[in-house]
Amino acid sequence: MATTPTRTLQDGTTLPATGFGTYPLTGEDGIRAMVSALEAGYRLLDTAVNYGNEQEVGEAIRRSGVPREEIVVQTKVPGRDHAFDRAVASVEGSLERLGLEQVDVALIHWPNPSVGLYVDAYRALVECRERGLVRSVGVSNFTEKHLADVIEATGVTPVLNQVELHPLFPQEQLRAAHERLGILTEAWSPLGKRNAPFGADPVAAAAQAHGVTPAQAILRWHVQLGVVPLPKSSDPERQRANLDVFGFELSPDEVAAISALGRPDGRLFGGDPDTHEEM
Ligand SMILES: NC(=O)c1ccc[n+]([C@@H]2O[C@H](COP(=O)([O-])OP(=O)(O)OC[C@H]3O[C@@H](n4cnc5c(N)ncnc54)[C@H](OP(=O)(O)O)[C@@H]3O)[C@@H](O)[C@H]2O)c1
């Protein structure tokens with residue numbers, strides 16, 4: 001079984017350098033896929049209230065036999081629950097569905113700026129951390145402005161920001177902002193999902209040069225950018241391959257060539273956090 005290096009967050013806790021995305025895994029098939037991911041060696045599971053699979057995540061952890069303390073569990077508060085009390089209740093509900101005493105990283109799923117309550121939701125997550133319900137406080141789909149707002153309001157910097165990031169949308173500017181603030185970048189849709197550029201020249205060339213698959217070349221690109229990717233796969237073989245990206249290194253030119261696939265309109269579905277909202 002592969003061992004994955006860890007990354008240290010600014011609050012001193014650690015996170016595996018690669019995680020496992022659990023959307024849209026549900027039901028018995030979903031549990032099986034998550035157990036197989038844990039057996040392959042994943043120790044970071046990314047879920048959300050809106051994925052409707054927190055029970056399955058908890059069940060997979062118990063069935064896998066992997067000690068709870070070895071697994072980092074992330075979940076996310078949905079947009080409809082940004083009011084302070086509702087956000088606290090959302091975390092409590094997640095704990096109940098997961099069957100856990102504590103969530104390792106609780107995130108705000110989307111900022112939903114037209115609702116205007118993401119600072120309240122963030123305060124609630126800080127309160128949950130103080131009550132021990134949450135180990136670390138993070139966010140998802142936050143822009144630099146949203147980050148500045150929550151930091152100014154609370155004095156607490158999120159440990160991580162989980163954003164859309166793949167070769168077609170490498171988020172160079174936001175990554176630089178994260179670096180200045182000491183925020184870890186996590187990548188959702190790290191392969192680019194249905195638009196995965198497996199056949200693009202820089203990806204195919206890097207894969208061939210290192211004797212790996214195009215998906216492994218892309219996931220290694222994330223690691224070398226300092227990003228924690230969260231690939232999802234239902235297939236045990238692809239799960240294992242996606243985790244096995246620590247035995248080779250891309251050259252700086254290969255990393256730059258893959259980054260050069262980025263385009264201003266490279267988002268998968270127009271998920272600009274200033275305008276795209278999810279409740
Ligand atoms: N915070 C947010 O707003 C947000 C938004 C979207 C996603 N997410 C998180 O990010 C996770 C991953 O995102 P995603 O599922 O959208 O995209 P992804 O991981 O980039 O792509 C998943 C797709 O790629 C396929 N795949 C996986 N490994 C492969 C490989 N080695 N070779 C070829 N195909 C492969 C999967 O099919 P198979 O399953 O058949 O292998 C699946 O169809 C989600 O599960 C979720 O946890 C968060």
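Predicted model: local features only at pLDDT ≥ 70, side-chain atom pairs only at ≥ 80, totals over all residues.
The volume is the space filled by probe spheres set on the points, which are joined across faces, edges and corners. Lining this cavity are T75, K76, V77, S90, V91, S94, V103, A106 and V134, where a lining residue has an atom within 4 Å of a point. Two or more residues each come from β5 (72-77), α3 (84-98) and β6 (103-108); these elements are DSSP runs numbered from the N terminus, with helices as H or I of at least four residues and strands as E of at least two. By class the lining has five nonpolar, three polar and one charged residues, with Ala, Val, Leu, Ile, Met, Phe, Trp, Tyr, Cys and Pro taken as nonpolar, Asp, Glu, Lys and Arg as charged, and the others, Gly among them, as polar.

A word on conventions: residues are numbered from 1 along each chain as its sequence is written. Local features need pLDDT of at least 70 and side-chain atom pairs count only at pLDDT 80 or more, while totals for chains, interfaces and linings use all residues, and side-chain values use heavy atoms, with hydrogens and water left out.

Turning to the largest pocket, its volume is about 780 Å³, a pocket being an open set of grid points with protein on both sides within 12 Å along at least five of seven lines. Of its 33 lining residues, the closest to the centre are Y23, W188, S189, K193 and K232, and helix α9 (residues 236-243) gives the most to the lining, with three residues. The lining divides into 15 nonpolar, 12 polar and six charged residues.

Where does the ligand sit? The ligand sits in the largest pocket, by the criterion that more than half of its atoms lie within 2 Å of the grid points. Around the ligand are 26 residues, the closest being D46, S189, K232, S233 and R238, counted when a heavy atom lies within 4 Å. Among the polar contacts (N or O pairs within 3.5 Å), a polar side-chain atom of S233 is 2.5 Å from a ligand oxygen, a polar backbone atom of G192 is 3.4 Å from one, and a side-chain N or O atom of H109 is 3.5 Å from one. Taken alone the ligand exposes 910 Å², of which the protein buries 83%, by the Shrake-Rupley method with a 1.4 Å probe.

Finally, the backbone. The peptide bond from Y23 to P24 is cis, with omega near 5 degrees, and P24 lies in the loop between β3 (20-21) and α1 (27-40). N141, in the loop between β7 (134-140) and α5 (144-154), has a positive phi near 60 degrees.

Conventions:
Polar contact = N/O pair within 3.5 Å; in protein donor to acceptor, adjacent residues only side chain to side chain. 1 Å grid on protein atoms, 1.4 Å probe; cavity = no way out; pocket = protein on both sides within 12 Å on 5 of 7 lines; lining within 4 Å.
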